[in-house]
Amino acid sequence: MEVLRGRRLFGILFVFTAAFCLRAVLPLYFCLAFAAATAISFVVYAAVMKRLGRLGTYRVLYIVFALLALALGIFHGQRYISAVPESFFSGETREYIGTVKSVEGSAGYYSVYTISINESGREILCLCEADYDADFEAGDSVRFCGIASEEREIYYKSKEIRARINFTESSILDFGEAKEGFFGRAQGKFSSLLADRLEGDTLSLAKAMLLGERSDISGEIKLDFRRIGFSHVLAVSGLHISVLTFAFMLLLAPLPISKRIKMLLLIPAVCAFAMVTGASASVVRSCIMFICLALSGAFFADSDTPTSLMLALSLIFVLSPSSVYDIGLWLSFSATLGITLFSPVLSPIKLHNTRRTYSRVRNFLVSALNYIISLVLTSLVVTAFTMPVIFICYGNFSLAAPLASLLLIPIVQILLPILLFVLIFGGVPLLGAALAAVASALTKLMLTLAGFLADFEGIYVSLRYPFGRYFVVALLVLIFVFMFGRSIKFRRAAALFAVLAVAFGVSVGLYEGAFYGKAQTEILNSARNDG
């Protein structure tokens with residue numbers, strides 16, 4: 001068991017996830033080259049350890065497990081890639097029979113549906129489009145004729161949609177009825193409870209932050225949050241899980257039970273919350289990490305956050321391989337990885353505050369200063385670690401993101417528990433109305449600040465400009481200099497910057513070479529006009 005503890009397990013899981021991700025997005029020959037290079041590296045490592053007399057049983061087993069994880073990762077990626085038979089993409093018009101899962105859009109001149117098709121005993125989820133209204137409903141069994149092609153858009157691939165079919169002829173074989181699960185009905189019930197107390201934009205923002213319902217948010221609000229780099233607050237993520245976990249602890253505080261029992265009671269509550277909000281990959285990641293933390297706190301001495309993070313990512317890829325294309329998951333993973341690796345540096349500056357004679361006002365000011373410093377440092381680290389994902393996927397970046405985090409995260413940390421209490425105590429006459437009034441005021445303040453920051457010109461810049469890559473590298477260097485300037489010698493810091501810059505440049509080059517070639521995008525913006 002010593003082989004699978006601590007950073008050894010982290011390394012094994014990292015090899016598995018890296019191998020799977022490479023096979024999911026790159027050709028097989030590249031993955032085989034990566035596997036060969038990794039195997040050679042392990043052999044060289046074993047030879048060096050043997051020469052030093054330090055090649056013990058644990059190191060041998062660690063190398064064996066790592067190589068096994070490498071093979072399993074490539075095999076799992078190949079299995080996912082080949083899940084759709086090649087005959088499905090014949091390029092010819094053929095007949096398909098399937099079940100409508102959802103209606104993506106329907107009007108008199110077009111219709112878009114998500115349809116599950118059985119092909120050679122395999123269920124394939126397809127995005128089916130027509131230039132007329134086919135009048136399908138969720139649950140219907142349908143027949144249609146069209147040409148299937150492989151789905152290319154990252155968003156739909158992350159939703160397990162593997163193919164796109166443009167169909168011309170169609171008919172309904174059997175009328176069905178969409179079955180809404182327990183958690184879907186619970187989400188609808190909670191949404192109606194919020195609607196009883198809130199309205200307008202405050203209601204739409206509250207439903208997005210607490211229940212994961214983003215359909216009612218106006219385009220102007222989405223643009224404001226996108227321009228200030230704070231769109232992630234509109235989707236339930238690890239931030240929401242951590243804040244609501246604290247709120248649940250407040251509710252359990254009066255119970256005369258041990259902290260261990262309280263942590264165990266939080267596990268089903270967090271899992272239920274994840275299911276109600278749609279169980280997105282980023283939420284599942286947070287949920288798995290919290291379960292690891294709760295179990296470690298209840299039964300073990302300590303927990304290893306990097307290992308639990310990698311364990312969560314591995315489980316997600318095993319259970320839902322299409323999550324490899326989920327941008328939200330990678331943003332959540334990158335931010336959490338940065339906070340985890342730099343947690344010692346993110347601790348507030350220790351100000352001497354040991355005298356009992358100090359006033360409560362001074363103690364409060366010291367605590368507030370520590371909180372602000374920690375928030376600023378965390379925002380900088382999150383910006384640095386999510387920058388490569390933002391660069392690759394969006395090609396633009398908000399210069400106002402650190403300031404927006406500093407101003408809005410404290411509001412979010414107060415607003416989320418209050419929204420939860422609105423759901424629980426909304427029926428209490430005076431208490432429910434008071435909680436709703438506070439939630440409405442905080443939501444309006446949040447929208448006002450977001451709109452104010454979004455109105456500044458030049459805060460939403462393109463990273464596809466010729467200087468874009470140098471801007472990213474320079475920002476990374478500045479952030480890491482700021483973070484490590486007092487704890488790491490200059491030469492080591494310079495070496496670290498060089499490695500990070502080269503790794504980032506190579507990863508971007510491989511990704512763009514594999515998917516986009518030399519295509520460039522230019523973003524022109526002035527105030528709220530983005531094009």
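This is a predicted model: local features need pLDDT of at least 70, side-chain atom pairs count only at pLDDT 80 or more; totals for chains, interfaces and linings use all residues.
Just past helix H9, Gly278 adopts a positive phi of about 105°.

Asp135, in the loop between strands S3 (122-130) and S4 (141-150), has a phi near 65°. For Glu160 the value is near 70°; this residue sits in the loop between helix H4 (154-158) and strand S5 (161-174). With a relative accessibility of 43%, Glu160 counts as partly exposed.

On to helix H3, which holds Phe65. Phe65 has a relative accessibility of 33%, so it counts as partly exposed. The loop between H3 (57-81) and strand S1 (94-107) contains Thr93, which is exposed at 55% relative accessibility. Even so, Thr93 does have partners from elsewhere in the chain: setting aside neighbours within four places in sequence, it contacts Cys145, Gly146 and Ile147. The C-alpha atoms of Thr93 and Ile147 are 4.7 Å apart, although the two residues are 54 apart in sequence.

Aromatic rings come next, with 15 pairs found in the whole structure. One of them, Phe225 with Phe230, is stacked, at 6.5 Å centre to centre and 25° between the planes. Both of these residues are buried. Phe421 and Phe425 make a tilted pair instead, because their planes stand at 50°, with ring centres 6.2 Å apart. These two are four residues apart in helix H15 (residues 401-425), so about one helical turn separates them. Phe421 counts as buried at 16% relative accessibility, while Phe425, at 29%, counts as partly exposed. Elsewhere, ring pairs gather Phe88, Phe89, Tyr96, Tyr113, Tyr132, Phe136, Phe144 and Phe167 into a cluster.

That leaves the charged side chains, where the count comes to six salt bridges. One of them pairs Arg94 with Glu119, the closest N and O atoms being 3.3 Å apart. It links distant parts of the chain, since Arg94 belongs to strand S1 and Glu119 to strand S2 (residues 110-119), 25 residues apart. Arg94 is partly exposed at 26% relative accessibility, whereas Glu119 is buried at 9%.

Another bridge joins Glu151 to Arg164, with 3.1 Å from N to O. Glu151 lies in the loop between S4 and H4 and Arg164 in strand S5, so this pair ties together parts 13 residues apart in sequence. Both ends count as buried: Glu151 because its relative accessibility is 1%, and Arg164 because its relative accessible area is 16%. The two also belong to a salt-bridge network together with Glu129 and Glu153. In the bridge between Glu150 and Arg152, the closest N and O atoms are 3.9 Å apart. Here Glu150 is partly exposed at 40% relative accessibility, and Arg152 is exposed at 65%.

Methods
Residues are numbered from 1 along each chain as its sequence is written. Side-chain values use heavy atoms; hydrogens and water are left out. Buried means under 20% relative accessible area, exposed over 50%, partly exposed in between (1.4 Å probe, protein chains only). Contact means heavy atoms within 4.5 Å. Rings of Phe, Tyr and Trp (its six-membered ring) pair if their centres lie within 6.5 Å; planes under 30 degrees apart count as stacked, over 60 as edge-to-face and the rest as tilted. A salt bridge is a side-chain nitrogen of Lys or Arg within 4 Å of a carboxyl oxygen of Asp or Glu.
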